[in-house]
Amino acid sequence: MLLLLYTITLFNHFHTKAENTLCQMMGDPKYPLLSKDGEATIGGIFAMHSKETLPSFEFTQKPQPLSCSSVNLPDFRLAQIMIFAIEEINRSEMLLPNVSVGYQIYDTCSSRMSSMNATMGLMNGPEFGTGETCNVQSSIHAIIGETESSATVILILSRTTGPFKIPVISHTASCECLSNRKDHPSFFRTISSDYHQSRALAYIVKHLDWSWVGTVNSDNDYGNYGMAIFLNTAQKEGICVEYSEKFYRTEPEKLRKVVETIKKGTTKVIVAFVSFIEMGLLIDQLSIQNITGLQIIGVEGWITSKSLITPMSFQVMGGSLGFALRKINVEGFSDYVVKAFWDTAFPCSQIKGNSSQDVINCSRYQDLLGLKNYNEDVPEQRYSSHVYKAVYAVAYSLHSLLKCKEQEGCDKGLKIQPQQVVEALKKVHFTVKFGDRVWFDSTGAAVAQYEVVNWQQDSNGSLHFKSVGYYDASLPPDQRFVLNTKSIIWANGQLEKPRSVCSESCPPGTRKAAQKGRPVCCYDCIPCAEGEISNETDSNNCKQCPGEYWSNAEKNKCVLKAVEFLSFTEVMGIVLVFFSMFGAGLTVLVAILFYRMRDTPVVKANNSELSFLLLFSLTLCFLCSLTFIGQPNEWSCMLRHTAFGITFVLCISCVLGKTIVVLMAFKATLPGSNVMKWFGPAQQRLSVCAFTFIQVLICVLWLTISPPFPYKNTKYFKEKIILECSLGSTIGFWAVLGYIGLLAFLCYILAFWARTLPDNFNEAKFITFSMLIFCTVLITFIPAYVSSPGKFTVAVEIFAILASSFGLLFCIFAPDQNTKKHMMGKTSLK
């Protein structure tokens with residue numbers, strides 16, 4: 001760049017001081033390699049020879065430049081197509097009928113310095129230093145070239161420093177940096193910018209499900225701008241880059257770093273936005289270190305270069321994929337390069353003189369003479385059509401400026417300046433003979449149309465580039481990219497597409513968790529929490545299941561929550577049903593026994609009417625526990641608590657009546673006592689009905705105001721639904737329970753007062769025991785009921801009912817000894 005700035009500054013100095021400074025040329029003049037005089041002249045700059053470094057240099061050594069002697073056949077073909085197009089135009093009677101077009105083609109030898117010399121030569125010509133003042137009028141109307149984007153930038157900067165601007169039309173300078181018409185108003189190109197190719201690279205990586213790639217690019221305008229666009233697009237497409245390295249052809253240390261990085265990397269895919277020369281150096285070093293098995297994705301700059309595809313390089317590069325320009329056959333060109341070119345354009349195809357001067361002038365062409373009869377590579381020339389279009393663009397602009405007409409010819413009296421050609425090129429549009437339409441009034445003249453090629457080997461061992469798809473930016477987004485993966489041979493000759501990911505995909509039922517300090521493509525797979533699912537691969541988040549649903553075992557589907565209630569079919573339900581029926585049956589058996597023994601002293605003494613009513617209520621108590629088993633519904637919810645409350649009050653009322661009868665009977669035996677008339681059979685029935693009616697009234701109010709109802713409880717257990725009966729009004733429930741407790745406590749107090757009765761008349765003692773059991777069960781039931789989860793709450797209620805019922809049954813009816821001797825026996829007094 002310092003050399004460039006110095007040259008431009010010096011060039012400006014010559015122009016600004018030309019009027020009063022003697023014109024002197026510094027250095028030797030640069031002459032075109034191929035030239036022809038004409039009334040209009042088109043310049044060309046091509047790297048027809050290569051200035052290479054040793055292909056197998058060691059990293060510890062500096063590259064040693066070779067002489068400019070190796071023919072760069074692709075660029076030589078471009079020079080030939082340029083001359084072919086000019087000759088075709090000169091023969092045309094419609095485009096420039098009476099104007100001859102000449103050319104001056106310079107060879108840059110792939111050197112920045114030679115490129116600068118060629119630029120100066122085109123801009124000034126050999127007559128630059130003739131006379132006392134410098135000649136600043138160039139005879140060139142347009143320049144076709146350079147081959148590389150960076151060299152084209154230098155070319156543009158060089159020719160915009162003078163008092164005139166020469167249009168530059170490039171056939172290969174695809175750098176997006178040249179698309180700004182404001183910064184480069186006189187630059188044109190017949191190739192699309194790398195904006196489309198860079199994005200297409202990201203799309204092909206995405207299409208092949210590769211999320212973990214490495215990138216390498218040339219450290220020049222072509223590579224840097226192209227890679228920047230790829231990285232930006234890749235980020236939007238969710239592609240992660242493990243490493244991004246760059247190097248230039250003269251930097252062996254950086255090349256060594258690139259190779260070491262590739263060697264240590266874990267990715268199996270490398271995107272190489274590299275120029276042709278840098279790619280050759282990279283392939284050499286990968287081959288030397290035997291780094292194979294990498295899937296290389298390339299660009300048009302090198303992907304179809306036949307000089308790169310050798311048996312040795314194929315071990316490293318076999319299976320490479322990349323975008324190539326479309327192959328377009330320019331009719332007549334293949335025959336032209338064999339005969340007409342050498343007869344008309346090449347100065348040394350036939351040497352007539354034998355002087356030493358002729359030998360010296362022609363010695364630099366000897367290596368080109370070997371190509372005289374060779375045209376096998378012509379069908380593979382993918383840039384030829386772009387040079388062809390560039391030449392015709394200049395011709396059409398001159399046609400417009402010279403006001404050419406088919407019969408009258410062109411106005412030769414008009415002086416055409418390069419700046420006029422610039423303006424004419426902005427307006428020119430035409431269709432070339434192979435169907436492409438060219439219109440320069442945009443930042444890129446060509447539509448991005450690429451062919452996807454694959455490095456393959458035939459069964460006979462020949463290496464070739466096989467077309468496996470295409471990318472056409474002119475089509476709708478969903479139709480632009482087509483790839484036939486079945487036709488692709490992957491790296492190492494594999495038929496199966498390689499995988500390149502930082503982390504394997506997270507299966508359904510898990511979510512991705514980013515690894516700290518690493519790209520987003522590197523993550524851990526975390527199982528979804530209970531109640532959450534992910535039903536897609538690589539989910540970023542797990543979704544919560546809706547209220548009545550829960551995640552399955554695999555956490556990939558929401559299923560209905562398990563419904564839990566105390567059923568008749570489960571073990572606990574069966575056991576409770578058994579004891580309920582057993583208690584009811586036992587009670588009925590006692591009632592039958594009492595009925596058969598109704599004339600015995602004990603039955604008569606125990607107030608048989610209350611005893612039968614008590615046995616009836618106990619039977620109902622045992623049976624009402626069945627209402628708590630089974631799936632809750634509206635009727636069962638209302639019945640279970642009210643039936644429980646009413647039957648237990650009836651039972652306690654009977655026990656209370658029996659207790660009062662015992663007390664009255666004892667008091668009635670005392671002299672002068674007449675209490676039994678106040679609590680006869682009628683009063684006993686009335687007291688039982690009164691006590692029971694109060695409970696019935698409480699239950700009616702409860703059911704009227706806020707009755708119990710079936711309820712799906714999802715709060716206690718998140719993974720299942722508890723079907724239970726909501727109390728409706730908790731006040732009603734606790735009023736029912738409290739009233740039962742009040743009667744039981746009253747009965748217990750009265751029975752406790754009767755504990756001093758004679759030993760043989762011990763019914764009061766057993767009533768005391770029964771009430772003590774009942775109250776104990778009632779007291780322990782409350783905390784157990786509140787703390788028991790799910791169906792166990794119902795089991796606690798049933799257990800409380802059965803325990804209380806069995807307590808009353810056994811304590812009141814089991815101890816009776818139904819004999820006269822026992823009833824009349826002496827009681828030992830203490």
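Predicted model: local features only at pLDDT ≥ 70, side-chain atom pairs only at ≥ 80, totals over all residues.

The S to S distance is 1.9 Å. Cys 522 has a relative accessible area of 0% and is therefore buried.

## Other cysteines

The structure holds eight disulfides. One of them joins Cys 175 to Cys 177, at 2.3 Å from S to S, and is right-handed with 135 degrees about the S-S bond. Cys 175 counts as buried at 0% relative accessibility, and Cys 177 counts as buried at 17%, because the cut-off is under 20%.

Cys 404 and Cys 410 are also joined, their sulfur atoms 1.9 Å apart. Their link is right-handed, with 115 degrees about the S-S bond. Cys 404 is buried at 9% and Cys 410 at 8%.

## Helix H16

Helix H16 (residues 571-596) has 26 residues, which should span 38 Å at 1.5 Å a residue; the end C-alpha atoms are 37 Å apart, in agreement. Buried residues in H16 include Gly 573, Leu 576, Ala 584 and Phe 594.

## The chain as a whole

The protein chain contains 24 helices and 27 strands. Of its 830 residues, 50% count as buried. The accessible surface comes to about 39,700 Å², with 58% belonging to carbon and sulfur atoms.

How values were computed
Residues numbered from 1 in each chain as written. Heavy atoms only, no water. Helix = DSSP H or I, 4+ residues; strand = E, 2+ residues; numbered from the N terminus. Expected span 1.5 Å × (residues − 1). Buried < 20%, exposed > 50% of the residue type's maximum accessible area, 1.4 Å probe, protein only. Areas by Shrake-Rupley, 256 points an atom, 1.4 Å probe, with all protein chains shown as cover. Disulfide = S-S within 2.5 Å.
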